[in-house]
Amino acid sequence: MSSNRPYLLRAIHDWINDNGLTPYLLVEAGAPGVRVPPAAVKDGRVVLSVAARAVARLEIGLDMVSFMARFGGVSHSIEVPVSAVLAIYAQENGQGMMFAADDSPQPEPPPAEEEPKRPRLRVVK
């Protein structure tokens, strides 16, 4: 089964916006595939505003969150694997959702193999 994280991210993002608040992402900056300005990273994590007024071309896909944002007046392309998002919350009141550190989908177990039919002895009269 696929991860529910991208669906929850989109839903919580919409909910925060619908309530007139500012959505923020807490991201594990050292995770593979994270592309953020190094100056924005503190203690291995980065907090990113994903408010409509702060970003351009926001896309919350199944595997990646991407957008354009300005840091120190310089525009940067930001890429964050969905698996690196630790939380999404409203900046004003902290309401939102935290995610488990390792919430990756588990592989489905292989189908159980049927035991081969073995010959049976029966009594013949």
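Asp 43 is exposed, with a relative accessible area of 84%, where exposed means over 50%, buried under 20% and partly exposed in between (1.4 Å probe, protein chains only). The model is predicted: local features need pLDDT of at least 70, side-chain atom pairs count only at pLDDT 80 or more, and totals for chains, interfaces and linings use all residues. Residues are numbered from 1 along each chain as its sequence is written, and side-chain values use heavy atoms, with hydrogens and water left out.

**Positive phi values**

- Asp 43 is not a glycine, yet its phi is positive, at about 55°.
- Asp 43 lies in the loop between strand 1 and strand 2 (45–49); strands are DSSP runs of E with at least two residues, numbered from the N terminus.
- Arg 57, also a residue other than glycine, has a positive phi near 55°.
- Arg 57 belongs to strand 3 (residues 55–60).
- With a relative accessible area of 65%, Arg 57 is exposed.

**Aromatic pair**

- One aromatic pair is found in a search of the whole structure; rings of Phe, Tyr and Trp (its six-membered ring) pair if their centres lie within 6.5 Å, and planes under 30 degrees apart count as stacked, over 60 as edge-to-face and the rest as tilted.
- The ring centres of Tyr 24 and Tyr 89 are 6.0 Å apart and the planes stand at 35°, so the pair is tilted.
- Distant parts of the chain are linked by this pair, since Tyr 24 is in strand 1 (residues 23–28) and Tyr 89 in strand 6 (residues 85–90), 65 residues apart.
- Tyr 89 counts as partly exposed, at 23% relative accessibility.

Note on methods. Helices (H or I, at least four residues) and strands (E, at least two) are DSSP runs, numbered from the N terminus.
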